[in-house]
Amino acid sequence: MIMEPMTALETSARIAAGEVGVLEVVDAALAAAHADECHAWTWIDDDGARRTAVELQRQLDSGQIHPGPLLGVPCPVKDLNALAGAPRAVGSLAVGGVPSDHDDGIVTRLKDAGAIPLGTTTAPEFGLPCYTEPDGRPATVTPWGHGRMAGGSSGGAAAVVGAGQVPIAQGSDGGGSIRIPASCCGVVGLKPSRGRVSAGPYGVDGPGLVSGGVLTRTVRDTAAALDVLSEPWPGDPFSAPAPTGSFLAACERTPARLRIGVLREPVIAETDVHPAVLAALDGTASLLASMGHELEETSAPFGPREWDSFRCVWEVGAASIPVSPGREEFMTPMSRWLRAEGRRRTGVDLAEALAGIQLVARRVGEDWQRFDVVLSPTLAQPPLPVGALRDDADPAADFEAQCRFTPWTSLWNITGRPAMSLPLHTAVIDGVELPIGMMIGGRMYDEARLLALGCVLEEAGRTSR
């Protein structure tokens, strides 16, 4: 049975009201997952998901648990994260797929809230590229056009949500890996502030570029998930201040008049921006101005040279990924190249790069202090054809093409500030309607304001259709 797609909040509300059973919801999601045409699943846990559904329903009926916003909601886990019992390949033929013996912290938080992991979704090798085209399996594609990329690295997560198979999926973002596929698949993707979502107790935060999160079809579902995920773990090296209220409640507040910077100029690479993307940016800016917000054109207070600090840390991070001896030959050319570049870096190079990231974050903070929010496109192009970026013969050219495709997203990983891609526009490209994401970024730890503004924009887009 395939049910009509519901949001996470609709699903949990109907379960709480007794209008639909947890097992019924899970069976419908499993049927949709098995009918997937986006090549977005790496493993589907039919038996485990059904057992969990039956037990949750029993506890709910007996009053042992109380309904929450994610209770009974199907939520797959990204292949980069550990899900107990699930084969974990991290998108790589070099790793294999040994079943995990534990849940990552973010998975534990989701399970504790009553979300049900149906299985795992695709990611590119080690989450390094911005496309999800792992070796040994078909490329993951956007549900909007099966010849076009889903983005990456949370490509599978975005695709299953965009296709309506599940209302929410877990993802992670180290350079845009939630927001990039959100734009390609027409869904909502928030990268929280550094320290808002803990990597613990098994994760290592390193330089703090990566944030955990989810992909959803509505801003309110994203807010509800952030309420669940923002609980810290002991020993976190980065920690966000406790929110002053529920993120979901923030969605019910209309933002006061905001000062919004409009960032049109690509930041990390010189690139041509598709006319449809620029038109979408202009349309969003006009909408915000009509709401009474004050808009000002701006540029990033750093450029490609300063961004090289991020590149150094990215390369060293790739080189530090543990791979069994003799297995590196099974990696993609891109991964091998990045690891070789990282091994050429010295300890001094890394120390200078980490300092450079901090200096960039400080410069952005000082220059953009006058803005409440910064608006930009998420990507320079609508979702590209599969293979348009990948270049096994020249991984360096592949990397540069990725930078040109994503010239804004990593800015927010460097600074640690929150940013969210919203599916506000579409454009017909070569006869296919494709989604175009708009990105709003905020001040550190100011997710509540982004979510509130995102809800207003989402509603405006819904009423204009």
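Let's start with D135. D135 is partly exposed, with a relative accessible area of 27%. Keep in mind that this is a predicted model.

What does D135 do with its side chain? It meets R390 in a salt bridge, 2.7 Å from N to O. That pair links distant parts of the chain. D135 sits in the loop between β5 (119–121) and α5 (155–162). R390 sits in the loop between β11 (373–377) and α13 (395–405). They are 255 residues apart.

R390 has another partner. It forms a salt bridge with D392, with the closest N and O atoms 2.8 Å apart. D392 is partly exposed too, at 39% relative accessible area.

Next pair: E400 and R311. Their side chains meet in a salt bridge at 2.8 Å, N to O. Again, distant parts of the chain are linked: E400 is in helix α13, R311 in helix α10, 89 residues apart. Buried or exposed, where does R311 fall? R311 is buried, because its relative accessible area is 16% and the cut-off for buried is under 20%. E400 is partly exposed, at 31%.

How many salt bridges does the structure hold? The total is 28.

Now helix α12, residues 347–367. It has 21 residues and reaches 30 Å from first C-alpha to last, close to the 30 Å expected. Which of its residues are buried? A353, G356, I357, V360, V364 and G365. Look at the spacing. An α-helix has 3.6 residues a turn, so residues three or four places apart point the same way. And what do the buried residues of α12 pack against? They pack against α10 (304–319) and α14 (410–415).

Key:
Residues are numbered from 1 along each chain as its sequence is written. This is a predicted model: local features need pLDDT of at least 70, side-chain atom pairs count only at pLDDT 80 or more; totals for chains, interfaces and linings use all residues. Side-chain values use heavy atoms; hydrogens and water are left out. Helices (H or I, at least four residues) and strands (E, at least two) are DSSP runs, numbered from the N terminus. The expected span of a helix is 1.5 Å times one less than its number of residues. Buried means under 20% relative accessible area, exposed over 50%, partly exposed in between (1.4 Å probe, protein chains only). Contact means heavy atoms within 4.5 Å. A salt bridge is a side-chain nitrogen of Lys or Arg within 4 Å of a carboxyl oxygen of Asp or Glu.
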